[in-house]
Amino acid sequence: MAAVGSLVNSLACLWRQQCARTCLPHLFVCISFTGSILKATGLVPESYFSNSRNVLNLYFVKISWGWTIVLLLPFIFYSNLYNRSHTFVLRRLTSLLVATFIWYTCTETFFYIEDITGSCYESDTMQVIHGDITTKAACKKAGFIWDGFDISGHSFILTYSSLVIVEEMVPMLHIPQSDRNIRLDCLYIALNAIVAIWIWMFGCTSVYFHDIVDKVIGTLCGILVWYVTYVVWYPMPFSPGLPPQQKQHA
C-alpha cells in the first residue's frame with residue numbers, strides 16, 4: 001500500500017510540471033519526424049519491435065481503444081466524484097462517448113481514403129493489377145497486395161489516446177493522498193503505464209513503419225481532435241466539461 005501510494009505521488013509530481021503536459025503534442029510531432037528520418041536513412045537496425053507481431057502491438061496497440069476505455073471509465077468515475085455530484089460525473093463520462101465517436105469516425109475515414117486511392121496488385125512488384133477488386137479487404141482476402149494512401153491509424157490512435165488520458169488524469173494531481181484509495185491509485189498507475197507503452201510504440205511505428213506523410217497526417221489528426229475537444233469545446237457550458245481542476249477541488 002505504501003509503495004503504491006509513493007509511486008502515485010511520484011507520477012503526480014511528474015505531471016504537475018506544466019511542460020510535461022503542454023509539450024506532449026510537440027513530443028509526438030518530433031518523434032514522428034525524427035523516426036521517419038531514421039527510417040529513411042536506414043540507421044536503425046531491425047529489432048523485435050520491427051515485427052508487427054510483437055506482444056505490445058498484438059495485445060495492446062491493436063486493441064488500444066479498448067484499453068483506453070476500460071481504464072478511463074472507472075478512473076473518471078472515481079476521480080471526478082471527489083467533492084463533486086453524480087450529475088457532474090455522468091456529464092464528464094460523456095467525454096468517452098465523444099472520444100469513441102471521434103476514434104471510430106477517424107479510423108473509418110482513413111480506411112475509406114485508403115480504399116478509394118488504392119489498387120490491388122498481384123505481387124509487390126506492382127506490375128499486375130486487379131482492377132475488378134476495389135477494396136483493401138477484398139484484395140487481402142484474395143491473397144494480393146493493396147497499395148493506397150495509408151494514413152497511419154497507429155500514429156493517430158496512440159497520439160489521441162495518450163493526450164486524452166493525460167487530460168483525464170489531471171484530478172489526481174489535486175486529490176490529497178488521505179482521500180485516495182487503492183483502487184484509484186492502481187487505475188492511475190495503470191493509465192501511466194499505458195501512456196508509456198503508447199509513446200514507446202509510437203516511436204517504433206515512426207522508426208519502422210509507414211511513410212513520413214502517412215505518419216505525420218495521422219499524428220496531426222490525433223492532435224487536432226484533442227485540441228478541438230479539450231481546448232476549444234470542453235471549456236464551454238454545453239459540453240462534457242473539463243476534468244476537475246485544482247480550484248474545483250479546493
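# Briefing: helices, loops and a surface patch

N83 is found in the loop between α5 (64-80) and α6 (86-117). Helices here are DSSP runs of H or I with at least four residues, strands are runs of E with at least two, and both are numbered from the N terminus. This is a predicted model: local features need pLDDT of at least 70, side-chain atom pairs count only at pLDDT 80 or more, and totals for chains, interfaces and linings use all residues. Residues are numbered from 1 along each chain as its sequence is written, and side-chain values use heavy atoms, with hydrogens and water left out.

- N83 has a positive phi, near 60 degrees, and is a residue other than glycine.
- N83 is exposed because its relative accessible area is 51%. The classes are buried (under 20% relative accessible area), exposed (over 50%) and partly exposed (in between), with a 1.4 Å probe and protein chains only.
- H210 sits in the loop between α9 (182-208) and α10.
- H210 is not a glycine, yet its phi is positive, about 65 degrees.
- H210 has 24% relative accessibility, so it counts as partly exposed.

**Two buried residues**

- S36 belongs to helix α3 (residues 24-41). S36 is buried because its relative accessible area is 6%.
- A polar atom of the S36 side chain lies 2.7 Å from the backbone oxygen of S32.
- Beyond its neighbours within four places in sequence, S36 is in contact with I31, S206, I212 and K215. Contact means heavy atoms within 4.5 Å.
- N57 is in helix α4 (residues 55-59). N57 has 5% relative accessibility, so it counts as buried.
- Not counting residues up to four places away in sequence, N57 touches S52, K62, H154 and M201.

**Spans from the UniProt record**

- The unreviewed UniProt entry lists residues 24-44, 64-81, 93-113, 187-210 and 216-236 under "transmembrane region". Such annotations may be inferred rather than shown by experiment.
- Residues 24-44 are 86% helix and 0% strand, with end C-alpha atoms 24 Å apart.
- Residues 187-210 are 92% helix and 0% strand, and their end C-alpha atoms lie 33 Å apart.

**A nonpolar surface patch**

- L224, Y227, V228, V231, V232, W233 and M236 form a nonpolar patch on the surface. Together they have about 600 Å² of accessible area, by the Shrake-Rupley method with a 1.4 Å probe.
- Patch residues have over 30% relative accessible area and no salt bridge, and nonpolar side chains are joined within 5 Å, like charges within 9 Å. A salt bridge is a side-chain nitrogen of Lys or Arg within 4 Å of a carboxyl oxygen of Asp or Glu.
- V231 lies in helix α10 (residues 212-233). V231 is partly exposed because its relative accessible area is 37%.

How values were computed: Polar contact = N/O pair within 3.5 Å; in protein donor to acceptor, adjacent residues only side chain to side chain.
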